[in-house]
Amino acid sequence: MRLFALPSATILCTFAAQLTNAAITLDLNDDNSIKRAASTAAYDMMVYYTGNRTGDVPGNLPDPYYWWECGAMFGSLINYWYYTGDTTYNEVVTQGMLHQAGLDYDFMPTNQSKTLGNDDQAFWGMAAMTAAETGFSDPPGQKAGWLALAQAVYNTQKPRWDNSTCGGGLRWQIFQFNTGYNYKNSISNGCYFNLAARLALYSGNQTYADEAVKVWDWMWNVNLIKHDTYYIVDGAHNTDNCTAMDGNTWTYNSGIFLLGAAAMYNYTNGDAIWKERVDKLIAAGKKFFLNGVMYEGCEPIKKCNVDQRSFKAYYTRWLAATAKLVPYTHDNIMAEFQTSAMAAAKTCTAGNTGTACGLRWTEQVNDGSLGVGEQMAVMEIIQSNLVDKVPAWRSEVAGTGTSKGDTNAGLTAGSDEQRLATKPVTTADRVGAGIITALALVGVLGGSTVMIMSE
């Protein structure tokens, strides 16, 4: 089958524009300038994507990128359409997301299921949730709607809540033969919290809200959210009942809980407890800005791995959504967005196009670190300056939600154990899964050491 590819005329015209205007120019007082800059960053990101090429797999990025980051990238491209109105990449996004949704439409495709983490699956689910919230074009034909895809991820993760250790929490990895199965990390629990809160806001269903409260309470009680600072540390192993913790703090952990708290603030019509949590998370997030410019803690010592180079993209995305959901936070957030966007644009002077962006925005020059994560982060920080120009998120509560949902989505495929039974795990599967998750765990722990030393 010939896979969908971007129209050649579109590529040639866009590429010509890059060469003619090497280096991104940005005027935050001009919406068209913001859109052009975001378009340039998007183009330089999509040159890495091979899933729309004949013979390749839709929804996959090539090495060294893991599967989850393509779902995260599609979430950014949905936001790109939402902010700019540019539909250039919409078909690629729809094709890739539906392909990776799998046979059961729950983002557990057979080509990924044996190495799947809860956070991996959730990034795809959150992209689908963004599609429902922003009114992204519905999937064609009788395929599951974006809302149903997000609900399927939620429904498959809910039974994984593990009360056997640490008083609850989701494990990082889904299957016990994967390294990291004994790790209960903030991002997996944060994704679940985020998705539950947003489903509550979209649907008005209190059951989702109750689940969000449960996750927050567990994170607080186990002390992954630090009570004095509201810093959110990376995670803990259940082998010591989550006593000793990885003290690493990342932008995306702060952001994932911030947006969930913002959704709950909105859902509860401004409840004081959720206001306090929003305020304290925003205050805690100030540690990720230097002179008003966003940075990741691994950047000063140049030790960011491939995953970590994308984290600012998600923090930016969730801060922008918070500014929309909790209007009194707007000015505080946008001031740093403007400073960060201008600094980020100045790094976009490299690559074959002369517009590829760097990682360390605080340096305001290209640092030689190029890739999907770098492009995604710059695209998000630029386009998020249009947040005031776009409509509010859609929802069933407001009568604006149109995405087809299914509260039972994901429940017909059977348990995780039943899935494995239909496709036995081989020794090669175990070795391969162990290598992938071990590499990811080493990256987390290595970064933790660096971060702790730099605190």
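**Aromatic pairs, nonpolar core and disulfides**

Tyrosine 328 is partly exposed in this predicted model, with a relative accessible area of 38%. The ring centres of tyrosine 265 and tyrosine 328 lie 6.0 Å apart and the planes meet at 70 degrees, so the pair is edge-to-face. Distant parts of the chain are linked in this way: tyrosine 265 belongs to helix H9 (residues 251-267), whereas tyrosine 328 sits in the loop between helix H11 (311-325) and helix H12 (330-345), 63 residues apart.

In total, 31 aromatic pairs were counted. One of them, formed by tryptophan 67 and tryptophan 124, is stacked, with 5.0 Å from centre to centre and 25 degrees between the planes. Because tryptophan 67 lies in helix H3 (residues 67-84) and tryptophan 124 in helix H5 (residues 118-134), this pair ties together parts that are 57 residues apart in sequence. Tryptophan 67 counts as buried at 7% relative accessibility, and tryptophan 124 counts as buried at 0%. An aromatic cluster is formed by Phe193, Trp216, Trp220, Tyr230, Phe257 and Trp274. Charged side chains also lie over aromatic rings. Arginine 171 is placed over the face of tyrosine 181, at 4.0 Å from the ring centre, and lysine 312 over the face of tryptophan 361, at 3.8 Å from the ring centre.

The secondary structure of the protein chain comprises 15 helices and five strands. Of the 455 residues in the chain, 60% are buried. Among contacts with a separation of 6 or more, 70% are between residues 24 or more positions apart. The accessible surface amounts to about 17300 Å², and carbon and sulfur atoms contribute 53% of this area.

The largest nonpolar core contains 142 residues, of which Met73, Phe74, Met97, Phe123 and Tyr314 touch the most other members. Helix H3 supplies the largest share of this core, with twelve residues. Neighbours within four places in sequence aside, methionine 73 is in contact with Met45, Met46, Tyr49, Leu61, Val372 and Met376.

Three disulfides were identified. In sequence order, the bonded cysteines of the protein chain follow the pairing 1-2, 3-4, 5-6. Cysteine 166 is joined to cysteine 242, with an S to S distance of 2.1 Å, and the link is right-handed, with 85 degrees about the S-S bond. Cysteine 166 is located in the loop between helix H6 (146-157) and strand E1 (183-185), and cysteine 242 in the loop between strand E2 (233-237) and strand E3 (245-249), so the pair ties together parts that are 76 residues apart in sequence. Both cysteine 166 and cysteine 242 are buried.

Another disulfide is formed by cysteine 298 and cysteine 304, whose sulfur atoms are 2.0 Å apart. The torsion about this S-S bond is about 100 degrees, so the disulfide is right-handed. Cysteine 298 counts as buried at 1% relative accessibility, as does cysteine 304 at 9%. The sulfur atoms of cysteine 348 and cysteine 357 likewise form a disulfide, 2.0 Å apart. With a torsion of about 100 degrees about the S-S bond, the disulfide of cysteine 348 and cysteine 357 is right-handed. Cysteine 348 is buried, with a relative accessible area of 0%, and cysteine 357 is buried with a relative accessible area of 0%.

Technical notes: Residues are numbered from 1 along each chain as its sequence is written. This is a predicted model: local features need pLDDT of at least 70, side-chain atom pairs count only at pLDDT 80 or more; totals for chains, interfaces and linings use all residues. Side-chain values use heavy atoms; hydrogens and water are left out. Rings of Phe, Tyr and Trp (its six-membered ring) pair if their centres lie within 6.5 Å; planes under 30 degrees apart count as stacked, over 60 as edge-to-face and the rest as tilted. Helices (H or I, at least four residues) and strands (E, at least two) are DSSP runs, numbered from the N terminus. Buried means under 20% relative accessible area, exposed over 50%, partly exposed in between (1.4 Å probe, protein chains only). A charge sits over a ring if NZ of Lys or CZ of Arg is within 6 Å of the ring centre and within 35 degrees of the ring normal. Contact means heavy atoms within 4.5 Å. Accessible areas come from the Shrake-Rupley method with a 1.4 Å probe; for residues, only the protein chains shown count as cover. A nonpolar core is a set of buried Ala, Val, Leu, Ile, Met, Phe, Trp, Tyr and Cys residues joined through side-chain atoms within 4.5 Å. A disulfide is a pair of cysteine sulfur atoms within 2.5 Å.
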